[in-house]
Amino acid sequence: MLLSSLRSYRQRYCHGAAALLMAAWLVCPPAQANEQIIYDVIEGFLLEQTAGESGEVSIEITPSPAAAMACQAPSAFLPGRGGKVSGRTSIGIRCPGDAPETRYFQAYVHINGQYPVVNRNIMPGDMIEEGDLDWQEGDLTRLSSRLITDASQLVGQVSQRRIAAGQPIQAGMVKAPVLIQRGAEVALLVRGNGFMISSSGQALNDAGLGENVRVRMPSGSVINGEARREGVVEVH
């Protein structure tokens, strides 16, 4: 009778313990818990890499079976690349002591921010003024990597082509207005440590503000300088 009672108690206890373990597994299955740790490491790493971005950053990680494999101390790295992280990105995870020790994942880094657009149709040769610009907001990673996001890089620039109202503006669509005309006589300023020499010469190419100008001197020698203002080239 006593043996029967002990057996019955043991069966009830084991059944109850198994139920508790099953309940715990359902709440947090080991594989899912491991996956979440991996994904948290990836997200934290990418947010750290994009900490300097002016826009709002969000991370979209592509699910992978590799995340369910044991990894006791995951650390993230960028495989074979550096520089700016945005758009579709590969991330490596190192798992020392686990197999495989290195795994690779895919993620998409979204950067939502503002960028300037023109509020009227701009024709070739038109100079862009501050009043010509409005702002739009969107995922900058879905736009061209040549997108201009700084309005100061547009004001005072001359359009190289027709730009439709509301169109994102890319590098190469505008340029600095010509301050130096090829063949024109220019004033040449040579600056040094505590001195400045002025002379004159003939410009050998067109140039906008800050662009390089080749100047032929009366002696026939050619000097490279920088366009500083209309008709003036400076040499440092």
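Let me begin with strand β9, residues 185–192, and strand β10, residues 195–203, which run antiparallel and are joined by eight bridges. Strands here are DSSP runs of E at least two residues long, helices are runs of H or I of at least four, and both are numbered from the N terminus. Two strands count as paired if DSSP finds at least two bridges between them.

A word on the source: this is a predicted model, in which local features need pLDDT of at least 70 and side-chain atom pairs count only at pLDDT 80 or more, while totals for chains, interfaces and linings use all residues. Residues are numbered from 1 along each chain as its sequence is written, and side-chain values use heavy atoms, with hydrogens and water left out.

Back to β9. Its residue E185 has Q202 as bridge partner in β10. The two strands form a hairpin with two residues between them, and G194 in the turn has a positive phi of about 85 degrees. β9 also pairs with strand β14, residues 232–235; these two run parallel, with four bridges. There, A187 is partnered with V232 of β14.

The largest nonpolar core has 24 residues. Such a core is a set of buried Ala, Val, Leu, Ile, Met, Phe, Trp, Tyr and Cys residues joined through side-chain atoms within 4.5 Å. Buried means under 20% relative accessible area, with a 1.4 Å probe and protein chains only. Among the residues with the most contacts inside this core are I38, I91, I93 and F105. At least two core residues come from each of α2 (30–49), β1 (56–61), β3 (87–94) and β4 (102–118). β4 gives the largest share, six residues.

Take I93 from that list. Which residues is I93 in contact with, leaving aside its neighbours within four places in sequence? Contact means heavy atoms within 4.5 Å. The partners include I38, V41, I42, F77 and F105, and also C71.

That brings me to C71, which is joined to C95 by a disulfide, S to S 2.1 Å. The rule asks for a pair of cysteine sulfur atoms within 2.5 Å, and by this rule the count comes to one. The link is left-handed, with -100 degrees about the S-S bond. C71 lies in the loop between β1 and β2 (75–77), and C95 in the loop between β3 and β4, 24 residues apart.

Is C71 buried or exposed? C71 counts as buried because its relative accessibility is 4%. C95 is buried too, at 0%.

Terms used:
Buried < 20%, exposed > 50% of the residue type's maximum accessible area, 1.4 Å probe, protein only.
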